[in-house]
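This report covers helix packing, nonpolar cores and selected loop and strand residues. The sequence and the structure are shown first.

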Amino acid sequence: MLKISFFLSGLLIFGWSAKAQEVSASDSYLSLYQKQLPFFQELISGGLYADSPRNFDGHPFFETRVFGNGVLRINEVNYKEVPLLYDSQADWVITFQPIHNQKILIKSEKVEEFELQDGSEFRNFKGNESYTHHRNGFYEIIADGEIKVLAKHHKELKPVKELGDYTKVFVAYEDLFYWYNGKFELVNRKSQAINLLGLDKKEAKQALKASRLDFKRNMEQSLAILANLRTKRSDTFEGFSK
């Protein structure tokens, strides 16, 4: 597998402020950026990213507003050590242009997968366009087996009731799906997950009990356990039961 290391760790110097969001880069980093830029002309030409207004409480990004080095997969090529942010409200992947200190949108249709600095892996999926928050189709991979567990992270703006400096606040949500052979199933209950997978109720509950996880508090791991349980069965899984 071809891997291109574009942003090298020793060449990027972060001088980050939560308010100003400024990044300074060394001359050697800028030289590398300019040298490698032709490889990324199509990739980074998604336009400039506009930050949310200062009177909005919080931010639209997944987990953090600070850039971290991640991995992009484009046309089956992995680009390593790329500064990345994921805007989970708009479903955009964002990188940083060091010459002009600007956030740049990466064309969503070009991105097959990306991995953030914290190890969270996202993949671009088709086939769930009727789901309100599908947008550009980026889902976090919770379990990547034959039966996948996917998480859709999205943020919504809510009005702030109290008088003060902020008029709106970002509120984070997560929806969980089973995926098999291009089909999505939104899952929010234990009984629903068991029925979709065609599992024996007693066997499924024993597996969850053995994991010592509370289903509601640990839905991601619990759904992965049930998916793995179904995959291990001798009979072939042919699709979700209704």
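## Helix H2

In this predicted model, the buried residues of H2 are Gln192, Ala193, Ile194, Leu196 and Leu197. The elements that cover them include E11, strand E12 (183-187), H3 and H4. After H2 comes glycine 198, which has a positive phi near 70°.

Leucine 197 has contacts beyond its sequence neighbours. With residues up to four places away left out, leucine 197 touches Ile147, Tyr178, Leu226, Ala227, Arg230, Phe237 and Phe240.

## Packing of H2 against H4

Two packed helices are described by the angle between their axes and the distance between the axes. For H2 and H4, the angle is about 20° and the axes are 10 Å apart. An angle under 35 degrees counts as roughly parallel, so H2 and H4 are roughly parallel to each other. Their crossing is right-handed.

On the H2 side, the contact is made by Ala193, Ile194 and Leu197. On the H4 side, Leu223, Leu226, Ala227 and Arg230 take part. An α-helix has 3.6 residues a turn, so residues three or four places apart point the same way. Sorted by class, the contact of H2 with H4 holds 6 nonpolar residues, no polar ones and 1 charged residue.

## Packing of H3 against H4

H4 also packs with H3: the axes of H3 and H4 come within 10 Å and cross at roughly 130°. H3 and H4 are therefore oblique to each other, since an angle counts as roughly antiparallel over 145 degrees and as roughly perpendicular from 65 to 115. The crossing of H3 with H4 is right-handed.

H3 contributes Glu203, Ala204, Ala207, Leu208 and Ser211 to the contact, and H4 contributes Ser222, Ile225, Leu226 and Leu229. By class, this contact of H3 with H4 has 6 nonpolar, 2 polar and 1 charged residues. Leu226 of H4 is listed in the contact with H3 and also in the contact with H2.

In soluble globular proteins, nonpolar side chains tend to be buried together. The largest nonpolar core here has 23 residues, of which Ile147, Tyr178, Leu197, Leu199, Leu223, Leu226 and Phe240 touch the most other members. At least two residues of this core come from each of strand E10 (148-159), strand E11 (168-180), helix H2 (190-197), helix H3 (201-211) and helix H4 (219-232). H4 gives the most to this core, with 5 residues.

Another core lies apart from the largest one. This other core has 15 residues, including Leu84, Phe114, Leu116 and Phe138.

## The chain as a whole

The protein chain contains 4 helices and 12 strands. Of its 242 residues, 42% count as buried. Among contacts in the protein chain with a separation of 6 or more, 56% are between residues 24 or more positions apart.

Serine 88 is located in the loop between strand E4 (77-87) and strand E5 (92-97). Buried means under 20% relative accessible area, and serine 88, with a relative accessible area of 3%, is therefore buried. Apart from neighbours within four places in sequence, serine 88 is in contact with Pro60, Phe61, Phe62, Arg135, His153, His154 and Lys155.

Arginine 65 lies in the loop between strand E2 (56-57) and strand E3 (68-74). With 28% relative accessibility, arginine 65 counts as partly exposed. Arginine 65 is 20 residues from leucine 85 in sequence, and the C-alpha to C-alpha distance between arginine 65 and leucine 85 is 7.1 Å.

## Positive phi at two glutamates

Glutamate 63 is not a glycine, yet has a positive phi of about 70°. The loop between E2 and E3 holds glutamate 63. Exposed means over 50% relative accessible area, so glutamate 63, with 59%, is exposed.

Glutamate 81, not a glycine either, has a positive phi of about 55°. Glutamate 81 is placed in strand E4. At 24% relative accessibility, glutamate 81 counts as partly exposed.

Notes: Residues are numbered from 1 along each chain as its sequence is written. This is a predicted model: local features need pLDDT of at least 70, side-chain atom pairs count only at pLDDT 80 or more; totals for chains, interfaces and linings use all residues. Side-chain values use heavy atoms; hydrogens and water are left out. A nonpolar core is a set of buried Ala, Val, Leu, Ile, Met, Phe, Trp, Tyr and Cys residues joined through side-chain atoms within 4.5 Å. Buried means under 20% relative accessible area, exposed over 50%, partly exposed in between (1.4 Å probe, protein chains only). Contact means heavy atoms within 4.5 Å. Axes are lines fitted to C-alpha atoms, for helices over the stretch in contact, and angles run from 0 to 180 degrees between N-to-C directions. A crossing is left-handed if the near helix is turned anticlockwise from the far one by less than a right angle, and right-handed if clockwise. Ala, Val, Leu, Ile, Met, Phe, Trp, Tyr, Cys and Pro count as nonpolar, Asp, Glu, Lys and Arg as charged, and the others, Gly among them, as polar.
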